[in-house]
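Please keep the sequence and the model side by side while reading.

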Amino acid sequence: FLLCPNVHDASPRVVAEAMCSDIPVLMNTHIVGGWHYIAPKSGMMFRNFSEFRRQLPQFWARVQAGDFQPRQWWTAHFG
């Protein structure tokens, strides 16, 4: 998975690259841009470090279960 803790990034290219490679993303909600790439099938978001610590086990469980389908989601929304 890709962890994107950035705040000052307009649209991180690495997020698109990860999703096209079928890699789910855990992203900071406060990022300047790129937040619109996160949907239930592409990844999850967190607001602060405390929430990150709570979200990470849930996120990892979903990764292990194969619940995310980032490439399929990306293709359906961005071609």
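How many disulfides does the structure hold? The structure holds 0 disulfides. The model is a predicted one.

**Cysteines**

- A disulfide is a covalent bond between the sulfur atoms of two cysteines.
- C4 takes part in no disulfide, and the nearest cysteine sulfur, that of C20, is 15 Å away.
- A disulfide needs the two sulfur atoms within 2.5 Å, so the 15 Å between C4 and its nearest cysteine sulfur rules one out.
- C20 is likewise in no disulfide, with the sulfur of C4 as its nearest, 15 Å away.
- Is C4 buried or exposed? C4 counts as buried, because its relative accessibility is 2% and the limit for buried is under 20%.
- C20 is partly exposed, at a relative accessible area of 39%.

**Salt bridges**

- Side chains of opposite charge can pair when their charged atoms come close.
- The structure holds 3 salt bridges.
- One of them joins the side chains of D67 and K41, at 3.5 Å from N to O.
- Where do these two partners lie? D67 is in the loop between α2 and α3, and K41 is in the loop between β2 and β3. The pair therefore ties together parts that are 26 residues apart in sequence.
- D67 is partly exposed, with a relative accessible area of 28%.
- K41 also counts as partly exposed, at 34% relative accessibility.
- D67 meets R62 in a further salt bridge, at 2.5 Å from N to O.
- R62 counts as partly exposed, at 23% relative accessibility.

**E51 and its surroundings**

- E51 sits in helix α2, which spans residues 49-65.
- R47 forms a salt bridge with E51, and their closest N and O atoms are 2.8 Å apart.
- The side chains of E51 and R47 are also joined by a polar contact of 2.8 Å.
- Is E51 buried or exposed? E51 is buried, because its relative accessible area is 11% and buried means under 20%.
- Leaving aside neighbours within four places in sequence, E51 is in contact with M45 and F46.

**Aromatic pairs**

- The count comes to 9 aromatic pairs.
- Y37 is buried, with a relative accessible area of 11%.
- F78 counts as partly exposed, at 40% relative accessibility.
- F78 also pairs edge-to-face with W73, at 5.8 Å centre to centre and 65 degrees between the planes.
- W73 is buried, with a relative accessible area of 13%.
- Which residues form one aromatic cluster? F1, F59, W60 and F68 form one.

**Helix α1**

- Helix α1 covers residues 13-20, and its buried residues are V15, A16, A18 and M19.
- Why do these residues count as lying on the same side of α1? They cover an arc of only 160 degrees around the axis, which puts them on the same side.
- What covers the buried residues of α1? The cover includes β1 (2-4), β2 (25-28) and α3 (70-78).
- Just after α1, D22 takes a positive phi of about 65 degrees.

**Points to keep in view**

- C4 is buried, while C20 is partly exposed.
- D67 pairs with K41 and with R62.

Terms used: Residues are numbered from 1 along each chain as its sequence is written. This is a predicted model: local features need pLDDT of at least 70, side-chain atom pairs count only at pLDDT 80 or more; totals for chains, interfaces and linings use all residues. Side-chain values use heavy atoms; hydrogens and water are left out. Buried means under 20% relative accessible area, exposed over 50%, partly exposed in between (1.4 Å probe, protein chains only). Helices (H or I, at least four residues) and strands (E, at least two) are DSSP runs, numbered from the N terminus. A polar contact is a pair of N or O atoms within 3.5 Å; within protein, one must be able to donate a hydrogen and the other to accept it, and residues adjacent in sequence count only if both atoms are side-chain atoms. Contact means heavy atoms within 4.5 Å. The arc is that of the directions from the helix axis to the C-beta atoms. Rings of Phe, Tyr and Trp (its six-membered ring) pair if their centres lie within 6.5 Å; planes under 30 degrees apart count as stacked, over 60 as edge-to-face and the rest as tilted. A salt bridge is a side-chain nitrogen of Lys or Arg within 4 Å of a carboxyl oxygen of Asp or Glu.
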